[in-house]
Amino acid sequence: MTHAMTQPTPATVAPDALLDVRHLCVDIRTPGGALRVVRDVCLTVARGEAVGLVGESGSGKSMTAFSVMNLFPSPLAHVAAGEIHLEGQRLNLLSAEAMRAVRGARMGMVFQDPTSYLDPLMPVGRQIAETLQAHRFGDDHQARVLELLDLMELPHAAQVARKYPHELSGGMRQRILIACALAMRPALLIADEPTTALDVTVQSGILKLLSRLRRELDLGLLLITHDLAVVAETCQRVYVMYAGEIVEHQHALDLFAAPRHPYTQGLLRSILHPRSRALDLFSIPGGVPIAGHWPSGCRFHPRCPMAQPGICDADAPALVPVGAAHGPGADRCLRADDPQARDAWSQPACTVALP
Ligand SMILES: Nc1ncnc2c1ncn2[C@@H]1O[C@H](COP(=O)(O)OP(=O)(O)OP(=O)(O)O)[C@@H](O)[C@H]1O
Ligand code: SF4
Ligand SMILES: [Mg+2]
């Protein structure tokens, strides 16, 4: 076994990709130097496809999404390396003005908390119309607003358009935000934890809506979540992210049937099954290290039950990619082909009988 760090795979064009992110690195400027929060991320989304990006808090999911939009919450964050292509056009060479035209028109984004992104003093219909105005959408903005509210399955569209955000429920506000994001018929929608702030029933309604919109509008959907159950309901392919890196990439059915990376296996084991007679209280021990404090070697090694001292924590372990079918950067585990690693967490789970 060699211990040389896997070289980045040369950038290859994914011919049918709507979104093609290649070897993305994101840095944050700090007084102590650049802090790398995302490293060598490669992912694609095709037209009409829902792709999940999952991982615990602090994995770098949002930073990856902000890179695609070139819309970072802090001016200190920036794309330090890599390429981002949308419909064959390289985005991270565009001027700020050109990028403004792409955002909203060819790709839209929705976030966890719609309230933060809606103006509390403006009726929601006008807020959707402002997006249309900003991108010079035809003449009949009112008709398009009503069409969008119908598309969002909001009954009595004309009345809803006149309401202020505080007069709507959380689920309705999220539908308004999705309407704003889709107003210009973009090809790609990035949804960053769109249902996390909603209760379970409302969450399911929003996920069904996103799936219907994807099918009917041939929309590429990048769905960011920490919740694998959300992915199971919505996505065809999944990227698993840990400590700033993609650690596994699989078709969703394969990922749920046979997760390869010990981290993915732990995430799956952490899902509660409401129909079981016992509550599985499993959670992966420890937490995601904060950026700048990544461990040496495999970043997951301090939490991994399969970690081999002297190998997994070596400075540059040869992290085994899962193969060309799954794209570059996938499966960063040097034991990915070890049969024992197929059930990394094989010790009995802590179970508690239901009352
Ligand atoms: N302004 C900042 N300065 C320093 N570090 C930051 C800053 N913003 C984010 N980070 C770090 O970047 C890393 C990735 O953060 P990111 O917000 O992308 O994670 P995430 O996977 O979206 O988490 P969550 O599920 O909580 O939204 C984290 O380690 C975070 O602490
Ligand atoms: S490389 Fe080692 S520590 Fe990392 S996930 Fe694989 S077995 Fe675990
Ligand atoms: Mg986030």
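**Confidence, secondary structure and ligand surroundings of the predicted model**

Where pLDDT is low, the predicted coordinates should not be read in detail. The protein averages a pLDDT of 86, and 86% of the residues score at least 70.

The model is predicted: local features need pLDDT of at least 70 and side-chain atom pairs count only at pLDDT 80 or more, whereas totals for chains, interfaces and linings use all residues. Residues are numbered from 1 along each chain as its sequence is written, while chains are lettered from A and ligands numbered from 1 in the order in which they are written.

Strands S1 (residues 17-30) and S2 (residues 33-46) pair in the antiparallel sense over 10 bridges; strands are DSSP runs of E with at least two residues, helices runs of H or I with at least four, numbered from the N terminus, and pairing requires at least two DSSP bridges. A hairpin is formed by S1 and S2, with 2 residues between them. Ile 28 has Leu 35 of S2 as its bridge partner.

Helix H1 (residues 61-69) is largely enclosed by the rest of the structure, because 7 of its 9 residues are buried (20 or more other C-beta atoms within 10 Å of the residue's own, all placed from the backbone). Among these are Met 63, Phe 66 and Val 68. Asn 70, which follows H1, has a positive phi, near 50°.

Conventions
Buried ≥ 20, exposed ≤ 12 C-beta atoms within 10 Å, placed from the backbone. pLDDT = per-residue confidence, 0-100.
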